[in-house]
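Good morning, everyone. Please take a look at the model on the screen, and then we will go through the helix packing and the ligand site.

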Amino acid sequence: MADVEGFCLKKVLVVFESCLTEKQEVLMDPYIEGWKGLVRFLNSLGTIFSFVSKDAVTKIQIMENFRSGGQQEKYLTVQSMVTYELASGLVDLKNRSEHPNSGCRTILRLHRALHWLQLFLEALRTSQEDSKTSVLCTDSYNASLANYHPWIIRKAATLAFCALPTRNTFLENMNLGSPEEAVDMLGEALPHICKVYEITEALYAKHKLLDLP
Ligand code: 1PW
């Protein structure tokens, strides 16, 4: 299943399954690991996507620093991070000033991007063979992440999507076997990403963190 670079999207997607604890908390380390895999996937789509992955890399690095820093145990789960950062006044709630790179706002950005990925892969999974990936990707982007991006980023992102390969090439690039096998795997793996997304969304909604600057 792995190609020469050892990339396999299935491995990436199953990592998100291991994010959830019995108490339905989201573990930070596999979340970060899953994102690193998504970045490898993005980079495999061509250099045109490097501007997209670059920001994700920066944000992954911020979270890794928390996980190796002095307060690392506070960042064991997304839940413990929210509790700790809010209780310690480490989150800029109105304007980005004293704590420009809090864990809460950084995870929020990745969380929104994960929603886009989820919508896109779901659209890909359920699309007809002759569907255009650029259209599926643009539609899912416009329905999610685009709402948080300024015009210039929306423009650049939409341009990059035009370079996406055809649906079948795209599915084959995932190294999951035939396009049909790739579609089956997505059907199995996407619910795990959805679950992680929903739990994070509910947590952020509960603490009114969905609009962090
Ligand atoms: C093929 C489908 C792949 C979906 C993977 C998702 C990766 C998403 C990264 C999008 C990044 C676009 C350029 C960066 C924009 C940032 O300004 C923005 N970051 C995100 C992740 O949306 C907001 O971060 P900021 O500027 O508030 O620190």
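Let me start with handedness. A crossing is left-handed if the near helix is turned anticlockwise from the far one by less than a right angle, and right-handed if clockwise. Helices (H or I, at least four residues) are DSSP runs, numbered from the N terminus, as are strands (E, at least two).

Some ground rules. This is a predicted model: local features need pLDDT of at least 70, side-chain atom pairs count only at pLDDT 80 or more, and totals for chains, interfaces and linings use all residues. Residues are numbered from 1 along each chain as its sequence is written.

Now confidence. pLDDT is the predictor's confidence in each residue, from 0 to 100. The protein chain has a mean pLDDT of 92, and 97% of its residues reach 70 or more. For the complex, the predictor gives an ipTM of 0.91 and a pTM of 0.94. Where pLDDT is low, the predicted coordinates should not be read in detail.

On to helix H1, residues 9-17. Axes here are lines fitted to C-alpha atoms, for helices over the stretch in contact, and angles run from 0 to 180 degrees between N-to-C directions. The axes of H1 and helix H9 (residues 179-206) come within 8 Å and cross at roughly 40°. That makes H1 oblique to H9; the cut-offs are under 35 degrees for roughly parallel, over 145 for roughly antiparallel, 65 to 115 for roughly perpendicular, and oblique for the rest. The crossing of H1 and H9 is left-handed. Who makes the contact (C-beta atoms, placed from the backbone, within 7 Å)? From H1, Lys10, Leu13, Val14, Phe16 and Glu17; from H9, Met185, Ala189, His192, Ile193 and Val196. By class, that contact has 7 nonpolar, 1 polar and 2 charged residues. Nonpolar means Ala, Val, Leu, Ile, Met, Phe, Trp, Tyr, Cys and Pro; charged means Asp, Glu, Lys and Arg; the others, Gly among them, are polar.

H1 also packs on H2, at about 155°, with axes 8 Å apart. The two are therefore roughly antiparallel. H1 passes H2 in a left-handed crossing. Residues in this contact include Phe16 of H1 and Phe41 of H2.

Next, H2 and H3. Their angle is about 160°, and their axes are 10 Å apart. That makes H2 roughly antiparallel to H3. This crossing of H2 and H3 is left-handed. Among the contact residues are Trp35 of H2 and Val52 of H3.

Finally, the ligand. How many residues surround it? There are 15, and the closest are Val52, Asp55, Arg109, Ala113 and Leu117. Near means a C-beta atom, placed from the backbone, within 6 Å. Helices H2 (28-44), H3 (50-68), H5 (103-126) and H7 (151-161) each supply at least two shell residues. H5 gives the largest share, 6 residues. The shell divides into 12 nonpolar, no polar and 3 charged.

Note on methods. Two residues are in contact if their C-beta atoms, placed from the backbone, lie within 7 Å.
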